[in-house]
Amino acid sequence: MNNYTKEELKEALQVVSSTIKNCEKIHPKFAEKTSQHTLLKNRIKALYISQSLIQNDNTIDKYTKEELEKAIAPVSSVISKSEKAFLNAREGTSTHTRLNKIINAMNISKALIADEINKRELLL
């Protein structure tokens with residue numbers, strides 16, 4: 001199990017909540033059944049799972065183990081894309097800071113999802 005400070009979790013929750021809002025805002029702009037629409041739908045679901053885990057609330061129980069496993073890929077994708085952009089961002093800029101926060105939040109999310117999957121496997 002990962003132990004994060006309240007401050008780390010608070011910042012991660014802020015980033016995840018903001019990302020959900022941004023994704024939901026742009027989601028309707030993509031036609032259904034397109035790859036962009038599906039990608040965004042999966043990302044939003046993964047972010048809601050992350051949000052539930054960060055908040056440590058009981059809504060995580062509504063997600064199956066399979067849904068948790070599927071959530072790893074979109075979160076990993078955000079990490080990968082952010083890390084690539086981070087390499088090109090100049091240190092001290094707002095972009096550099098924003099990307100660093102996203103990377104940290106998504107790494108926390110990914111670890112919490114993995115912990116939840118492992119916890120459920122132990123219960124079997």
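Biologist: What covers the buried residues of α3?

Modeller: In this predicted model, the cover over the buried residues of α3 includes α2 and α4. The residues of α3 that are buried are Leu-68, Ala-71, Pro-74, Val-75, Ser-77, Val-78, Ile-79 and Ser-82. For burial, the relative accessible area must be under 20%.

Biologist: How do you know that the span of α3 is close to the expected one?

Modeller: The helix has 24 residues, and 36 Å separates its first C-alpha from its last. At 1.5 Å a residue, 34 Å is expected, and the span of α3 is close to that value.

Biologist: What makes Lys-65 and Glu-69 a salt bridge?

Modeller: The closest N and O atoms of Lys-65 and Glu-69 are 3.0 Å apart. The cut-off is a nitrogen within 4 Å of a carboxyl oxygen, so the pair qualifies as a salt bridge. Both residues belong to helix α3, where four residues, or about one turn of the helix, separate them. In an α-helix there are 3.6 residues a turn, so residues three or four places apart point the same way.

Biologist: Why is Lys-65 called partly exposed?

Modeller: Its relative accessibility is 27%. Partly exposed lies between under 20% for buried and over 50% for exposed, so Lys-65 falls in the intermediate class at 27%. Glu-69 is also partly exposed, with 37% relative accessibility.

Biologist: Which parts does the pair of Lys-65 and Glu-121 tie together?

Modeller: The side chains of Lys-65 and Glu-121 form a salt bridge with an N to O distance of 3.4 Å. Because Lys-65 lies in helix α3 and Glu-121 in helix α4, the pair ties together parts that are 56 residues apart in sequence. Glu-121 has a relative accessible area of 38% and is therefore partly exposed.

Biologist: Which residues do salt bridges that share partners join into one network?

Modeller: The network consists of Lys-65, Glu-69 and Glu-121. A search of the whole structure finds six salt bridges.

Biologist: Why is Gln-51 called buried?

Modeller: Gln-51 lies in helix α2 and has a relative accessible area of 16%. With neighbours within four places in sequence left aside, Gln-51 is in contact with Leu-13, Val-16, Ser-17 and Ile-20.

Biologist: Is Gln-14 buried or exposed, and how do you know?

Modeller: Gln-14 is part of helix α1. Its relative accessibility is 55%; exposed means over 50%, so Gln-14 counts as exposed. Gln-14 and Leu-40 lie 26 residues apart in sequence and 19 Å apart in space, from C-alpha to C-alpha.

Biologist: What is the phi of Lys-33, and why is Lys-33 called exposed?

Modeller: Lys-33 has a positive phi of about 70° although it is not a glycine. This residue is found in the loop between α1 and α2. With a relative accessible area of 80%, against a cut-off of over 50%, Lys-33 is therefore exposed.

Biologist: Where is Asn-56, and what makes it exposed?

Modeller: Asn-56 is in the loop between α2 and α3. The relative accessible area of Asn-56 is 68%, and because exposed means over 50%, the label holds. Asn-56 is not a glycine, yet has a positive phi of about 55°.

Biologist: How much space lies in the largest pocket, and which residues are closest to its centre?

Modeller: The largest pocket holds about 440 Å³ of space. It is lined by 19 residues, and the closest to its centre are Val-15, Thr-19, Asn-22, Arg-98 and Ile-102. The elements that give two or more residues to this lining are α1 (6-26), α2 (35-55), α3 (65-88) and α4 (94-123). The most comes from α1, with eight residues. By type, the lining divides into nine nonpolar, five polar and five charged residues.

How values were computed:
Residues numbered from 1 in each chain as written. Heavy atoms only, no water. 1 Å grid on protein atoms, 1.4 Å probe; cavity = no way out; pocket = protein on both sides within 12 Å on 5 of 7 lines; lining within 4 Å. Points joined across faces, edges and corners; volume = space filled by probe spheres on them. Nonpolar A, V, L, I, M, F, W, Y, C, P; charged D, E, K, R; others polar. Expected span 1.5 Å × (residues − 1). Buried < 20%, exposed > 50% of the residue type's maximum accessible area, 1.4 Å probe, protein only. Contact = heavy atoms within 4.5 Å.
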